[in-house]
Amino acid sequence: MAESDWDTVTVLRKKGPTAAQAKSKQAVTAAQRRGEDVETTKKWAAGQNKQHLVTKNTAKLDRETEELHHERVSLEVGKVIQQGRQNRGLTQKDLATKINEKPQIIADYESGKAIPNNQVMGKIERAIGLKLRGKDIGQPLEAKPKKK
């Protein structure tokens, strides 16, 4: 029978640090002190919600350079909306409720700050009964029969 010495213990392999331990700030600084090569990279936009990120192009649009800017509703259209709404005895909030939009949208259209949206313009036209698009802005809206 082979000799068995029960008092000696042979360690075959020492377990290294786990991934989480190896990435910790403490482990990185300890490795740097020992003179080991340490490569650290910062992840770009890690753990952040970048859905609403302001990019370079958006910033350019906000500054409204000549070649890159959004068309706004003209003040003439804003005045027509305001007069048509007042003739019907509606407040901005009443008109907004009538066309299922927020009151701020009506305020933006009247002040000329809004970017024109054909759907919203159509709803406002039908609500106040005045044309807001085309060459005859401010003229009464002709009721066209619905096609089947």
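**Core and helix packing in a predicted all-helix chain**

Leu-132 touches Val-77, Val-80, Ile-81, Met-121, Ile-124, Glu-125 and Ile-137, leaving aside residues up to four places away in sequence. Contact here means heavy atoms within 4.5 Å. The model is predicted: local features need pLDDT of at least 70, side-chain atom pairs count only at pLDDT 80 or more, and totals for chains, interfaces and linings use all residues. Residues are numbered from 1 along each chain as its sequence is written, and side-chain values use heavy atoms, with hydrogens and water left out.

The chain has 7 helices and 0 strands. Helices (H or I, at least four residues) and strands (E, at least two) are DSSP runs, numbered from the N terminus. In order from that end, the elements read α-α-α-α-α-α-α. The chain holds 148 residues, and 19% of them are buried. Buried means under 20% relative accessible area, exposed means over 50%, and partly exposed lies in between (1.4 Å probe, protein chains only). Among contacts with a separation of 6 or more, 43% join residues 24 or more positions apart.

The largest nonpolar core contains 18 residues. Such a core is a set of buried Ala, Val, Leu, Ile, Met, Phe, Trp, Tyr and Cys residues joined through side-chain atoms within 4.5 Å. Ile-81, Leu-95, Tyr-109, Ile-124 and Leu-132 touch the most other members. At least two core residues come from each of helix H4 (75-87), helix H5 (92-98), helix H6 (103-111) and helix H7 (118-128). H7 gives the largest share, 5 residues. In soluble globular proteins, nonpolar side chains tend to be buried together.

Met-121 lies in helix H7. Its relative accessible area is 6%, so Met-121 counts as buried. Met-121 touches Val-77, Tyr-109, Leu-132 and Arg-133, again not counting residues up to four places away in sequence. Met-121 and Ile-81 are 40 residues apart in sequence, yet their C-alpha atoms are 9.7 Å apart in space.

Two packed helices are described by the angle between their axes and the distance between the axes. Axes are lines fitted to C-alpha atoms, for helices over the stretch in contact, and angles run from 0 to 180 degrees between N-to-C directions. Angles under 35 degrees count as roughly parallel, over 145 as roughly antiparallel, 65 to 115 as roughly perpendicular and the rest as oblique. The axes of H6 and H7 come within 12 Å and cross at roughly 90°. H6 is therefore roughly perpendicular to H7. Ile-105, Ile-106 and Tyr-109 of H6 meet Val-120, Met-121 and Ile-124 of H7. This contact of H6 with H7 has 6 nonpolar, no polar and no charged residues. Ala, Val, Leu, Ile, Met, Phe, Trp, Tyr, Cys and Pro count as nonpolar, Asp, Glu, Lys and Arg as charged, and the others, Gly among them, as polar.

The axes of H4 and H6 come within 6 Å and cross at roughly 125°. H4 and H6 are therefore oblique to each other. From H4, Leu-75, Gly-78, Ile-81, Gln-82 and Arg-85 meet Tyr-109, Glu-110 and Ser-111 of H6. The residues of this contact divide into 3 nonpolar, 3 polar and 2 charged.
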